[in-house]
Amino acid sequence: MSQSIEGALDRHGLITVRRSTHSPIYTLVGAVILVVLLSAAPWMVPAQVASTLMNFFILVIMATMWNLLAGYAGMVSIGQQAFVGLGAYATLYLALKGMNPFVTVPFAALSCAVLAYPVTYLLFRLRGGYFSIATWVVADTAMLIIGTIAVLGGGTGRLMPGLQNLSPSETAHYSYLATWIVALVVVVGTYYLLRSRLGLVLASIRDNEVAARSAGANVRSARRIVFIIAAAGCGAAGAVLAISQPFIQPTNEFNLQWAAEMLFVSMIGGLGTIEGPIVGSIIFFVLQQTLQQEGAWYLIIFGTFATVIALWQPQGLWGAFRDRFHTELLPVGHWVDRTDGSVKVPKN
Amino acid sequence: MIWLNVIIQGILLGGFYALFACGLSLMFGVLKVINLAHGDMAVVAAYVAVFLTPHLHIPELWSFLVVVPIFGVIGYIGQRTLIQKSIDRDPFTTLLVTFGLSVVIENLLLEAYTANGQTVTIGTLITKSWHPTSIIYISYLSLMVLAVAVGVLALLQLFLSRTGTGRLIRAVADDREAAQLSGANYRHIFGIAAAIACATVALAGIAYGMMTQFEPTSGGVNLLFAFEAVVIGGIGSLWGTLVGGIALGVAQQFGAHFNPQYQVLAGNVLFLLVLAVRPQGLFGKRTALA
Amino acid sequence: MSDTQLEVRGLTVHHGQLRAIDDVSFSLAHGEVLAMIGANGAGKSTLLRTLAGLHQPTSGTIEFAGVDIAPLRPHRRVDLGISLVPEGRRLFSSMTLEENLQVGAFHANKGPFNIQRVYELFDWMPDRRKQHVWQLSGGEQQAVAIGRALVANPKVLLLDELSLGLAPIIIERIYSLVPEIVSHGVSILIVEQDVAQGVAVADRVHCLLEGKTSLTGVPADLTSDQIDRAYFGADLAHVAPPSEVGG
């Protein structure tokens, strides 16, 4: 697809379009080192640090999914905790049926995707803020329904089975690895998704929805696909959350705080960039670790910070950094060059 | 007779939801803004009523005389600064900003007043009720709240249709640009609409605090109920909001009649049903639909 | 030049990267009717919207009664005496005919026009004042839109594409009001695609082509051939390079 655009524009001879890219060697070497280090982390760092890293990965997964929804497809969901919770409970259910909890993760993601599909037909009847609150109603409804199912622990909760025959350190290592792998799959998957045809359609919708529609982009189905993918991603996050904190409770798994965290993290890091949610998550964890003796202040400070960013620096910290230094670690856009090579306009 | 009581309780509850929802409806109708901090502002009003009025030596029942005007002013100022700034960016930003506010308000309340439940004390009024039969009971307080809701909606209706400023508010809601061409400073009109919305929110919050215990995080669930009332009744219709609130209240009471666990669920299910079958709501225009 | 009501100098307006109005200058005297004519996309509506304050100019000045009004918001310009009847009428759809006029009169200046006076100008209105505006025909809606602007008692009335979508007989009837309005000292700036109509009522004609002035003059001095060329740009290729895109 990108090839054909480049050709089409090139025929006019005025500008050339090329895929955003960078020196692949440095990135590749850096990525390999990072992957190796993070994979080996639980054997190298104290358990406390590994556990914090694990929570960090869970937040990165959620924020990346929220960023896909809001930053790329323009859907402000404040009900993604629905799929976090459903993912956690899918894992609990399958584990109760005797499946190894670690094996349940892809199934949890899949069941969230399947559940999300009919939900889109309800939610997509509303737009803007009404869509947002309706996602919250869906999450609330899902929590209340789960809370009535006795076998899943009802409102009081239930311990995840299938982890007790592992030693504590084995549990810690395996859940770390599961979380890390899911985070890696989600971030890399999002990167390739955005470089695909769907990514191009999303970019065109974001630039000008009417024009995209008239140019043949099926806006609604593109949004539907994104919503389902985000549901699956949040479901996977819920699944690894259930493994890492194995007492499963509706009010915890379906907590609105998940929505708040993924939203703030994406906004602060930068909506519409892959790096943004990761940068935002790092800031969030630094703040949370620094202020962990101070109760809810980290959320107050973080929420205020996110509001300020939304008003005065809407492209977020990473967006500001990128615009200043023309740097992208994970570029998904196209660059438009004038033939004289003087002007560069990032067309993301 | 049991069912009659269920319906009566539902109507009484619906009055409260309508009171809660009319500010949300007004904000959306005029400013096209969904205030995600709507519920939290109501809770703040309830906290102000509990913690401020003792200093003023007035009964908490009458605290609204002080709190409502304060919130009107807060609404105007908040609109002219923060909310206008985000409207100038885009609708997307208003959602992010009001959600950010919501989380910040909840956690500030948590830090200031802990998670303990509070109530607006109104003495013996809370227990007084009317028993026309042995099964039916009508709480005076709930009846009062329903009356206030109807009164507020009627006043609002009168204000919007009979006064010059009210007409300007409707003009801005209809066509912001054309209203400017008729000499309306739309930012000022937005401020007035937000002031009214905030005043009704304060009233609803104090009523809530009288009816039940509240805590810092009570705002969220009330925003959901207000929102459900607006959508069920029909987006953009003032009296639809009352009908929507009552429909929601009745549905919840029916749910609760079977199992207290089902109260909120029944309301959500009604909401989702309306969305599936009649997305414009009972009295609505199709403006908020995709 | 104490007679000048509105003085526009070197006005340039951008729509995004498109230069919609390019260095346009003109003036409007007390009680004068100026017709701004030009093809679709020539920038006429943009010009009126800029004068009303709905667009910000990139450069140039707009002086009203000797004061630069470029920084003022639309409602402040209404207070000073500039009213626009927007393209497409833009009535308040949830309101009745009378309520539309009441909105227009809420911030009105002192002057000859009020709702009663508008009812005299359009004698069908009083009977139907309680009707919702969507129950009115296109021509009737246009009359309400004009009435809504008149009750503010403007000194300069900007009329944008009054004839759009209306039958010739209705257009004629609406334009027949122009002398009556002008007799109260109101200056009128008319934007018209219908050249004949514009030329017929105007004291002077100003033709726009791709955002630039292509012709100005008094209707009596202009041949229809001159106007056609100014309108379509037949021999004006040298002043109209394609608008720059990019950069």
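## Helix packing in a predicted model

In chain B, helix α5 (residues 140-162) packs against helix α8 (residues 186-211) at an angle of about 170 degrees, their axes lying 11 Å apart. Helices here are DSSP runs (H or I, at least four residues; strands are E, at least two), numbered from the N terminus. Axes are lines fitted to C-alpha atoms, for helices over the stretch in contact, and angles run from 0 to 180 degrees between N-to-C directions. The angle makes α5(B) roughly antiparallel to α8(B); angles over 145 degrees get that label, while under 35 is roughly parallel, 65 to 115 roughly perpendicular and the rest oblique.

A word on the ground rules. This is a predicted model, so local features need pLDDT of at least 70 and side-chain atom pairs count only at pLDDT 80 or more, though totals for chains, interfaces and linings use all residues. Residues are numbered from 1 along each chain as its sequence is written, and chains are lettered from A and ligands numbered from 1 in the order in which they are written.

Back to that pair: L141(B), V145(B), V148(B) and V152(B) of α5(B) meet T200(B), L203(B), A207(B), M210(B) and M211(B) of α8(B). Contact means C-beta atoms, placed from the backbone, within 7 Å.

Now for chains A and B. Here 37 residues of chain A touch 36 residues of chain B. On the chain A side, the elements giving two or more residues are α6 (128-147), α12 (256-269) and α14 (297-312), and α6(A) gives the most, with 12 residues.

α14(A) meets helix α4 (residues 91-113) of chain B at an angle of about 160 degrees, with axes 8 Å apart. That makes α14(A) roughly antiparallel to α4(B). Among the residues that meet are W297(A), G303(A) and L311(A) in α14(A), and T93(B), G100(B) and E111(B) in α4(B).

Here's how the residues divide by type (nonpolar: Ala, Val, Leu, Ile, Met, Phe, Trp, Tyr, Cys and Pro; charged: Asp, Glu, Lys and Arg; polar: the others, Gly among them).

| α14(A) with α4(B) | 12 residues | six residues | one residue |

Last, confidence. The model scores ipTM 0.88 and pTM 0.88. Chain C has a mean pLDDT of 88, with 94% of its residues at 70 or more; pLDDT is the predictor's confidence in each residue, from 0 to 100. Over residues 236-247 of chain C, the pLDDT is below 50, and this stretch has 10 contacts in the model beyond near neighbours in sequence.

Definitions and conventions: Two residues are in contact if their C-beta atoms, placed from the backbone, lie within 7 Å.
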